[in-house]
Amino acid sequence: MCKIDFLGAGLCKSGAEKHYVSFYPQGRMDLYAALAENRIPVTEKCVEIAESCDLCGLCDYQCYFVTEMKPSIVMQALKEHVSHHLNNGGAVVTEEKNGILDGLKEIVGDAWATSDRAVALTYAHDPCPVAEPRMPEYIIMPGSTVEISAVVKLLMKRNVPYAVRGNGSSVMGFVMSEGAVIDLGRMKTIDFDEKNWLVKVGPGVSAFDLQKAAVKRGFRVNAAEPAALVCANIMCSGIFSTFSASYGTAADNYIDAEFVGHDGGVFRLSDTSAPNLFAFKKEDSVIPGICTAAYIRLHPVTSDEGAALVPFESLERALHFAKECAMRRIGLAIGVLGGEYISAFLSPTKKLAVEVRNAFKDKLKIEYVVLVIGDKYALHSIKAMGYKYFDNRLIRTLNLGLPSLASAQWLDLIDELSGEERFSYLGLRHFHDLAEAALAPSPAQLVRDVDPELRPFYEKLYSRPEMTDPVWLSMFRIISSRMGREKHVLAMVVYLPIDNKLIAEIDREFRRIARGHGLKNDFGFITPLDDGKRCVFEYDYYLDHNDPVERMKTQQAMMEAGVMIERYSAETGTVTWIRDVFRQGFSRKESFLYSTVGAD
Ligand SMILES: Cc1cc2nc3c(=O)[nH]c(=O)nc-3n(C[C@H](O)[C@H](O)[C@H](O)COP(=O)(O)OP(=O)(O)OC[C@H]3O[C@@H](n4cnc5c(N)ncnc54)[C@H](O)[C@@H]3O)c2cc1C
Ligand code: SF4
């Protein structure tokens with residue numbers, strides 16, 4: 001997340017200038033760990049990385065938002081380590097030159113290809129429990145399709161294997177190689193073609209930056225994790241978000257794309273001779289080439305959009321409602337969310353997230369919520385269907401008043417106002433005013449447990465309307481990264497019909513497997529797809545990726561979960577595991593949502 005300016009406070013200056021992940025706070029932390037453990041020597045780039053940090057502290061604001069940590073202490077330690085080394089006359093290792101590196105530099109320019117160990121190290125691992133670290137020989141940051149093509153040709157000629165990297169956040173070991181890593185982070189062009197409702201994006205454009213540019217022009221794109229690069233996200237799994245309920249996923253999100261193939265040749269998907277990436281095969285696949293541009297669909301936005309957060313005491317009822325909305329095409333975004341998600345998303349600290357989770361579950365009896373984003377007609381329809389919900393104003397009140405949620409006063413109020421019908425208090429005429437009186441919502445209250453040094457910044461941040469606007473938050477998704485605040489998240493994602501019995505069984509199986517291995521686990525979310533005929537279901541396992549025992553347990557749990565999904569897939573013919581879609585995200589969703597076996 002440190003590569004995008006998601007809080008509007010500014011980006012790490014040296015990261016934005018030098019682009020290699022090593023110059024961003026994330027890379028600097030890996031580098032310091034490696035130096036402290038004597039895994040690499042002090043190199044030329046290492047000195048440059050350490051010295052280019054001015055200890056501005058911006059990374060503290062950003063990192064605290066997601067992880068509740070303040071990394072500038074590590075930045076300071078990195079500077080001290082390097083300066084101590086230099087002051088004591090320590091050696092500085094230069095990058096090893098050879099014909100391949102010279103050739104790469106000739107193509108992309110001296111600054112954009114390196115074999116410096118300090119840079120390579122920051123591309124050598126990810127937290128995936130089944131991926132071993134791999135130290136690359138070369139890191140290359142091309143600036144154009146022509147350069148990518150020349151780089152691929154050179155690597156092919158010299159038999160150097162390579163991996164293609166977006167932001168590296170797929171965390172499945174896909175972006176590592178002993179040969180070269182091609183980092184696409186410099187290619188950040190965004191070109192709108194409004195009359196054709198599309199925007200052409202370079203492979204270095206993040207979901208957050210694209211959404212920001214689209215919103216500025218009155219459009220919206222279907223974007224998922226904000227730091228994920230758009231081309232990478234399509235390539236990896238296809239983009240799925242709560243907006244996929246109406247905008248679809250995979251091939252629905254783009255109109256065309258440009259690729260550099262494995263032979264270095266350039267093709268467009270609209271070429272009649274292009275490889276058929278719309279098809280899908282249920283097998284492990286490799287990337288079909290490097291996507292150098294995607295022509296992304298733009299969607300209209302109306303000024304009357306709002307949210308309905310509909311509470312439910314059971315998954316069955318929540319699913320019934322979500323399916324009903326999808327079938328009737330009510331709402332643009334639909335997501336059935338579990339308690340863990342909603343409490344972690346809304347709370348600025350772990351402590352508050354736990355309290356909120358308990359208050360939702362034990363006191364308000366809310367087990368699941370369905371979030372629907374739609375225009376005023378969609379929201380009227382939900383009311384007409386007889387559902388009570390938290391609207392924009394109540395969501396803001398709830399968010400800014402979270403610390404008061406568990407208090408006795410609030411509970412008394414709910415008890416007094418609840419009739420026979422569950423959640424009926426939401427339908428009372430003056431409930432908004434009463435909730436405001438009971439929760440005393442304010443940015444100051446919400447951030448009262450935030451680190452005192454950062455609190456004034458956070459108080460200001462939460463005074464901005466978008467920070468509690470469910471429509472903005474659903475589009476930009478900056479709070480979903482908090483799900484990994486306590487532990488690394490391993491998302492188990494399946495596509496299947498919205499069949500209560502099937503979903504309940506698979507949900508139970510995910511839970512049983514995780515519990516069997518002592519792993520923290522929870523329901524993630526479900527979003528209907530294709531008018532509610534199918535859905536995407538995420539169940540999450542959480543692990544401490546630095547703990548070898550927990551890594552091993554997770555590997556076993558993943559294997560068992562895989563066998564379980566395969567079993568349901570074979571038995572029903574309607575369940576598809578996302579693992580099978582990996583690197584086939586340019587395909588038509590119909591190709592992996594529906595089986596045509598037996599259709600003849
Ligand atoms: C906590 C968490 C939640 C997530 N939630 C969602 C979600 O709700 N919806 C969703 O859609 N995804 C989700 N993802 C998945 C993630 O966002 C995607 O995997 C995305 O690809 C990551 O983007 P990246 O830029 O980091 O890609 P990387 O990890 O860098 O790359 C992903 C894959 O794409 C390849 N690749 C990268 N760029 C290109 C290119 N230009 N051409 C060809 N191949 C390329 C890489 O080699 C790799 O195989 C989630 C991931 C995490 C960690
Ligand atoms: S403290 Fe250093 S690493 Fe952090 S944002 Fe500032 S310059 Fe970047």
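Me: At what angle do helix 13 and helix 14 pack?
Reply: Helix 13 (residues 339–346) and helix 14 (residues 350–363) pack at about 140 degrees, and their axes are 8 Å apart. Helices here are DSSP runs of H or I with at least four residues, strands are runs of E with at least two, and both are numbered from the N terminus. Axes are lines fitted to C-alpha atoms, for helices over the stretch in contact, with angles from 0 to 180 degrees between N-to-C directions.

Me: What is the model, and how are things numbered?
Reply: This is a predicted model, where local features need pLDDT of at least 70, side-chain atom pairs count only at pLDDT 80 or more, and totals for chains, interfaces and linings use all residues. Residues are numbered from 1 along each chain as its sequence is written, chains are lettered from A and ligands numbered from 1 in the order in which they are written, and side-chain values use heavy atoms, with hydrogens and water left out.

Me: Back to helix 13 and helix 14: which hand is the crossing?
Reply: Right-handed. The word applies if the near helix is turned clockwise from the far one by less than a right angle; anticlockwise is left-handed. The 140 degrees makes helix 13 oblique to helix 14. Under 35 degrees would be roughly parallel, over 145 roughly antiparallel and 65 to 115 roughly perpendicular; the rest is oblique.

Me: Which residues make the contact?
Reply: From helix 13, Gly 339, Glu 340, Ile 342, Ser 343 and Ala 344; from helix 14, Ala 353, Val 356, Arg 357 and Phe 360. Contact means heavy atoms within 4.5 Å.

Me: Now helix 3. How does helix 3 pack on helix 5?
Reply: Helix 3 (residues 44–51) and helix 5 (residues 72–87) have their axes 9 Å apart, at an angle of about 130 degrees. They are therefore oblique to each other, and the crossing is left-handed. Cys 46, Val 47, Ile 49, Ala 50 and Glu 51 of helix 3 meet Leu 78, Lys 79, Val 82 and Leu 86 of helix 5.

Me: And where do helix 2 and helix 3 meet?
Reply: Arg 28, Leu 31 and Leu 35 in helix 2 touch Cys 46, Ile 49 and Ala 50 in helix 3. The axes of helix 2 (residues 25–36) and helix 3 come within 11 Å and cross at roughly 125 degrees, which makes helix 2 oblique to helix 3. That crossing is left-handed.

Me: Change of topic. How many aromatic pairs are there?
Reply: The whole structure holds 30. Rings of Phe, Tyr and Trp (its six-membered ring) pair if their centres lie within 6.5 Å; planes under 30 degrees apart are stacked, over 60 edge-to-face, and the rest tilted. One of the pairs is Trp 197 with Phe 219: the centres are 5.3 Å apart and the planes at 80 degrees, so this pair is edge-to-face.

Me: Which parts of the chain does that pair tie together?
Reply: Trp 197 is in the loop between strand 5 (190–193) and strand 6 (198–201), and Phe 219 is in strand 7 (residues 219–220), so the pair ties together parts 22 residues apart in sequence. Trp 197 is partly exposed, at 39% relative accessible area, while Phe 219 is buried at 9%. Buried is under 20%, exposed is over 50% and partly exposed is in between (1.4 Å probe, protein chains only).

Me: Which rings have a charge over the face?
Reply: Among them, Tyr 542 has Lys 520 at 4.7 Å from the ring centre, and Phe 174 has Arg 583 at 4.0 Å. The test is NZ of Lys or CZ of Arg within 6 Å of the ring centre and within 35 degrees of the ring normal.

Me: Last one: is Cys 325 buried or exposed?
Reply: Buried, at 0%. Cys 325 is in helix 12 (residues 315–327). Leaving aside neighbours within four places in sequence, Cys 325 contacts Ile 330, Ile 334, Val 372 and Met 385.
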